[in-house]
Amino acid sequence: MSLGIRGKLLLLSALAIALLVGAAGFFVESTVEDTLQTRLEHELQRHAKAVGVMLETAAAGDSLDDVADRAAEATSAEIAIFDLAGRTLGSSSLAPIELEQLGTASSDPEVLAAASSETSSALRYDDARELTVMFVARKVAAPRGAVIARAAAPLNTAHARGAIRGTAVVAGLVGAVVVGLLLFAVGSQVERVLQPVVSSAAAVKAAETLDGEEPDADDGPPSLRSVAVELERTVGTLSSERNQFEAVLQTMEQAVIVLGPDQRISTVNRAAHTLLSLPERPVGRTLLEAVRVPRLKQLAEEAAEGGTHSDEFDLPGGRRIDARATQQGDEGLVLVAQDVTEIRRLERVRRDFVANVSHELRTPISVVKANTETLLDGGLDDPKVGRMFVEAIHRHADRLGRIVNDLLDISRIEAGRYPLNPGRINVGEIVDHVLDLVEVDAQKKKISVSVSVEPDLAVIADRKAMEHILINLTSNAFKYTQDGGSVEVTAFAADADHVRIEVLDDGPGIDPAHRGRIFERFFRADSGRSRDMGGTGLGLSIVKHLVDAHDGEVGVDPRSPRGSVFWFMLTSDGDASANEARVASATAEK
């Protein structure tokens, strides 16, 4: 059967459309598959890189299997951790008992390749799930040596491939109909010229074209819009996983700064903003532009040459940080910093405490030893001399006992083992009780003691601790007040919720330069005189610890014309309105 001109044109057009649509469909299908595969590979590389960051910041007790499980929850990918020999150390898809039973090393090519080439990827078909899975393995640093972190996720391109092919078929059919209509119009013009020759063929062809029905769009394959929607959904999923990773990063206590291959900041977390005082928008800047700390820049340069480098140094504001920089292959560098100011301060306090204790114990021990040796060398034969040395031994033995008891008290308070049973305590009653206990000390030096306590004044405190505070403060006042001097104890409502208790003496007072340290352990404004008086240097430190344990305040002020005012404030247990009235009355009198 011979085709007419219109039929031949239609056939050629149909073949051309089929070739063009097929080529375009193949190109689009290949491009979309490559795009999805590349995007998934990059995302899995970031997941594997994130595992390395989590390994560096993991707690000491966390196992590699625990880290793999947490990383899988954060990234929605399958996470596995191998040693450089390929043995599985942790896996989010295996139970701990399965992990223990897995004795052989992995033969997966990406794991073996990552041990030597830093990063490797592979695609394999999973028969159990009937889909293709992408695996990305990466060598990362860990506290106990380098390991291989592998992230895996299914590569679902079948749906996109079907959508593209369906769209290509629809496009081909629509193109064929459009071309057919155009050819019909052209054929109509040709018919006028060749009407006698092609009239019958034109009529048949026109009838066939008019009788053909276009397929319903609802019954056909998905359109290009469906492909776009699917791609948008895939991008949304990847964005969600990235947001989860960002959430983990932002909640870390350590400061994290990620530098890209161009040595510019690509990622920071909130802790980095706080610790390093970063500008509002540090991303895109160089490290030295964002952080004016040359030592940190030097650390990053050392790490850029390979490996992990760490250092500890002071920031301009006085804080001390421990920083670590790790090169992440060709993808950039990760800086992790932690504030260790308080840790170093506590270490310094511990060293000073040990040195001070050794110094304080050395003197009485030396005196006891020297006096004992003197007695053994013949001092016992002279009763008068022997008694003098025995009394010296007794004094310094008492001093040793007081130092040990005070150290034990401070240790119990700091360790939270000093039992506190807060209750309502009448201030006037406990002040009278404490003064009765230390009356002998006042009588020895003929010191006059006066008391001024508002009636019915009460506080919430532990009775034993309250007595300890008042005994230390009054004994300290008696110790530094000259013979025939005076000591005053006052108590009044400082405000509606607090009671202030003061111990005033007319001793030599405290130099302003020493007032800020007077409550430190073993600190003495006049060390020689304090030792001669039998002080341990711990009494005021115990007072501060006990007041702090009651959430109170303690301090020292100068007294005019001479002397000191040691005071502390505790929570009152009186009627709030009555305390307010006392405060108002005292203010009016002033």
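Buried denotes under 20% relative accessible area, exposed over 50%, and partly exposed the range in between, with a 1.4 Å probe and protein chains only. The model is predicted: local features need pLDDT of at least 70, side-chain atom pairs count only at pLDDT 80 or more, and totals for chains, interfaces and linings use all residues. Residues are numbered from 1 along each chain as its sequence is written, and side-chain values use heavy atoms, with hydrogens and water left out.

**View A. Buried residues of helix α4.** Helices (H or I, at least four residues) and strands (E, at least two) are DSSP runs, numbered from the N terminus. In helix α4 (residues 109-117), the residues Glu110, Val111 and Ala114 are buried. The buried residues of α4 line one face of the helix, because they fall within an arc of 100 degrees when seen down its axis; the arc is that of the directions from the helix axis to the C-beta atoms. An α-helix has 3.6 residues a turn, so residues three or four places apart point the same way. The cover over the buried residues of α4 includes β1 (78-82), β3 (119-126), β4 (131-140) and β5 (147-154), where contact means heavy atoms within 4.5 Å.

**View B. Strand β10 and its partners.** Five of the seven residues of strand β10 (residues 333-339) are buried. Two strands pair if DSSP finds at least two bridges between them. Strand β6 (residues 255-259) pairs with β10 in the antiparallel sense over five bridges, and alanine 255 stands opposite alanine 337 of β10. Strand β9 (residues 320-327) also pairs with β10 in the antiparallel sense, over seven bridges, with isoleucine 321 bridged to aspartate 339. Five residues lie between the strands of the β9 and β10 hairpin, where glycine 329 takes a positive phi near 65 degrees.

**View C. The largest nonpolar core.** A nonpolar core is a set of buried Ala, Val, Leu, Ile, Met, Phe, Trp, Tyr and Cys residues joined through side-chain atoms within 4.5 Å. Among the 41 residues of the largest such core, Val427, Val459, Met466, Leu470, Leu473, Ile501 and Phe568 touch the most other members. Helix α15 gives the most to this core, with seven residues.

**View D. Surroundings of valine 543.** Valine 543 belongs to helix α17 (residues 539-549) and counts as buried because its relative accessibility is 0%. Not counting residues up to four places away in sequence, valine 543 touches Ile469, Asn472, Leu473 and Val554.
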